[in-house]
Amino acid sequence: MNDTATNLVSSDLFRKHKLRLINDRSVPADQVKILKSSIKKLLIKNNATLIAHYYVDPNIQSLAEELNGCVSDSLEMAKFGQTTDAEVLVIAGVKFMGETAKILNPEKKVIMPTLEATCSLDLGCPAKEFKAFCDQYPDREIVVYANTSAEVKAMADWVVTSSIALEVVEHLDQEGKKIVWGPDKHLGAYIKKETGADMILWDAACIVHDEFKYEGMLKMKSLHPDAKILVHPESPENVVSLADMVGSTSQIINAAAEEGINKFIVATDKGIFYQLAKKYPNKEFYEAPTAGEGATCKSCSQCPWMGMNSLKNLEMVLINMNNEIIVDKEVAKLAQRSLFRMTNFKK
Ligand code: 13P
Ligand code: SF4
């Protein structure tokens, strides 16, 4: 998709799904306490563990932490599911994360607070069209981002997340392999530039990161010249060009540990600020700008699909033990190959 197409698709999606941008922040504090206590009991009763992404409601993140579950980036979420003894994996994130957990752990029950939480990258890469695209380049390795459907993963040679994409492509390039990459055009362009690998890119984008603005970022930097800029690689190329560090959500959090640097401008979903504030209470963090000329601000740095995870639907799914992730067995078998390559890859 080109930029205009991405914008059209995203506004259609917002209308179609009646996407809301926020979840439990309207729930009174005493209600939050009751809900958290109920969820804790239900997790224990069902021998379930909570695996949450950094973009979901801080109340859900803190619950996962308190209960020795997992709060992390998408790669660590996938790996955690493989190591836990729990019989049920409760994935607070978006659908591709639930599908990844199920494919890697077919013997476990995988449930999600909502099955409607998808991702613009997944939606922007329909399996049939992507197959036709890949079929044009039969001599190339197919490398896909984790933010895709199980069907797309099934046709891939490799699945990667933003924390290992660069190293995997470097590795393939050193082996003399040429690559078809999908779906995120910004992440693909960044890796292509950094590695010099021969890559053909699919054209889709994340509606959240696509909104970060170069001009606004420059202005912000001039207001805080001593701040370091941390950018998720799903952001546009000109925004990435201003970054002091480009990386996954976990890598962004780790980068903020740098001694002697106390100010950061952060270009990713605002859910991450809960972790940043908790880990570094004496440092200052600024949200990268999404406003400015040409701004559409459909998400305002907040993924609408991640925002569909709430304490209320988390409690409901644990009461009903429904919203189970089911992946076709044949598709899962094929997707396992590329997903195991991802979880076994050593940097
Ligand atoms: P991470 O792998 O960096 O957590 O990214 C997942 C994602 O969906 C970012 O938008
Ligand atoms: Fe997908 Fe972007 Fe949301 Fe991540 S932030 S889940 S890439 S739409």
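Figure 1. The model is predicted: local features need pLDDT of at least 70 and side-chain atom pairs count only at pLDDT 80 or more, whereas totals for chains, interfaces and linings use all residues. Residues are numbered from 1 along each chain as its sequence is written, while chains are lettered from A and ligands numbered from 1 in the order in which they are written. The C-alpha trace spans about 55 × 50 × 40 Å along its principal axes. A compact globule of 347 residues would have a radius of gyration near 20 Å, and the 19 Å of the chain agrees with this (taken over C-alpha atoms; the globule rule is 2.2 Å times the number of residues to the power 0.38). The chain contains 16 helices and 12 strands (DSSP runs numbered from the N terminus: H or I of at least four residues for helices, E of at least two for strands).

**Figure 2. Strand β3 and its parallel partners.** In strand β3 (residues 88-92), 4 of the 5 residues are buried. Strand β1 (residues 48-53) runs parallel to β3 and is joined to it by 5 bridges (pairing requires at least two DSSP bridges between two strands). Isoleucine 51 is placed opposite isoleucine 91 in β3. With strand β4 (residues 109-111), β3 pairs in the parallel sense over 3 bridges, and valine 90 faces isoleucine 111 in β4. From β3 the chain passes through helix α5 (residues 95-104) to β4 in a right-handed β-α-β crossover (clockwise from the first strand over the helix to the second, with the strands pointing away from the viewer).

**Figure 3. The shell around ligand 2.** Ligand 2 is surrounded by 13 residues, the closest being Cys119, Ser120, Cys206, Val208 and Cys303 (C-beta atom, placed from the backbone, within 6 Å). This shell comprises 9 nonpolar, 2 polar and 2 charged residues (Ala, Val, Leu, Ile, Met, Phe, Trp, Tyr, Cys and Pro count as nonpolar, Asp, Glu, Lys and Arg as charged, and the others, Gly among them, as polar). Ligand 2 lies between domain 1 (3-117 + 305-320) and domain 2 (121-207 + 329-344), because both give residues to its shell (bounds from an automatic or database domain assignment).

**Figure 4. The shell around ligand 1.** Residues around ligand 1 include Asp73, Asn147, Cys206 and Glu234. The shell divides into 2 nonpolar, 7 polar and 2 charged residues.

How values were computed: Buried ≥ 20, exposed ≤ 12 C-beta atoms within 10 Å, placed from the backbone.
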